[in-house]
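Reader: I have a structure open and some quick questions about it. Can we go through it together?
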Amino acid sequence: EGVLPLDKLLPRRRVCPFHRFFIHFCIDHDLPTAMLLYLQKYELATTMDDLKALELQHAEKPWASLLLVGRLGNAHLFAASLQHATTVFHGRSESPPSSGS
């Protein structure tokens, strides 16, 4: 038939190339809600080994680091990361555009 089932292309609880791509995309484009929903849907980043398998470069985005560490089981840290992301993005939307001179 030549058709590969979706669960083989996008497995749950196991990192695949597209999972890596999409999580990197979310971090690079400041999409915390999309990243969180994706991680929850595919049950990713729930252990340190999972985080290592994603090969993330999230140090430049503090919200991503907090959100990912929060997925390891600390509900208070996770809530704080969501609040931090909200604050960062709310502040950006109110910033006046730079003149570029």
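Reader: How many salt bridges does the count come to?
Author: Four salt bridges. The rule is a side-chain nitrogen of Lys or Arg within 4 Å of a carboxyl oxygen of Asp or Glu. A word on the basis: this is a predicted model, where local features need pLDDT of at least 70, side-chain atom pairs count only at pLDDT 80 or more, and totals for chains, interfaces and linings use all residues. Residues are numbered from 1 along each chain as its sequence is written, and side-chain values use heavy atoms, with hydrogens and water left out.
Reader: Which residue forms a salt bridge with Glu43?
Author: Arg13, with the closest N and O atoms 2.5 Å apart. The pair links distant parts of the chain, 30 residues apart. Glu43 sits in the loop between H3 and helix H4 (48-54), and Arg13 in the loop between helix H1 (6-9) and H2. Helices here are DSSP runs (H or I, at least four residues), numbered from the N terminus.
Reader: Which residues are linked in a network with Glu43?
Author: Arg12 and Arg13 are linked with Glu43 in a network of salt bridges.
Reader: Arg13: buried or exposed?
Author: Exposed, because its relative accessibility is 58%. The cut-offs: buried is under 20% relative accessible area, exposed is over 50%, and partly exposed is in between (1.4 Å probe, protein chains only). Glu43 has 28%, so Glu43 counts as partly exposed.
Reader: What about the backbone of Glu43?
Author: Its phi is positive, near 55°. Glu43 follows H3.
Reader: Next pair. What does Lys61 bridge to?
Author: Asp30, with the closest N and O atoms 3.0 Å apart. Lys61 is in the loop between H4 and H5, and Asp30 in the loop between H2 and H3, so the pair ties together parts 31 residues apart in sequence. Lys61 and Asp30 are both buried.
Reader: And Arg20, which partner?
Author: Glu55, where the closest N and O atoms are 3.9 Å apart. Arg20 lies in helix H2 and Glu55 in the loop between H4 and helix H5 (62-70), so this pair ties together parts 35 residues apart in sequence. Arg20 is partly exposed because its relative accessibility is 25%. Glu55 has 52%, so it counts as exposed.
Reader: Change of topic. Where is His19 found?
Author: In helix H2 (residues 17-28). His19 counts as buried because its relative accessibility is 0%.
Reader: What lies 2.8 Å from a polar atom of its side chain?
Author: The backbone oxygen of Pro11.
Reader: Which residues is His19 in contact with?
Author: Leaving aside neighbours within four places in sequence, Leu10, Pro11, Arg14, Tyr38, Tyr42 and Leu44. Contact means heavy atoms within 4.5 Å.
Reader: Last one. Which residues make the nonpolar surface patch?
Author: Phe18, Phe21, Phe25 and Leu31, for about 350 Å². Patch residues have over 30% relative accessible area and no salt bridge, and nonpolar side chains (Val, Leu, Ile, Met, Phe, Trp, Tyr) are joined within 5 Å. Areas come from the Shrake-Rupley method with a 1.4 Å probe. Phe18 lies in helix H2. Phe18 has 40% relative accessibility, so Phe18 counts as partly exposed.

Note on methods. Helix = DSSP H or I, 4+ residues; strand = E, 2+ residues; numbered from the N terminus. Polar contact = N/O pair within 3.5 Å; in protein donor to acceptor, adjacent residues only side chain to side chain. Patch = residues over 30% accessible without salt bridge, like charges linked within 9 Å, V, L, I, M, F, W, Y side chains within 5 Å.
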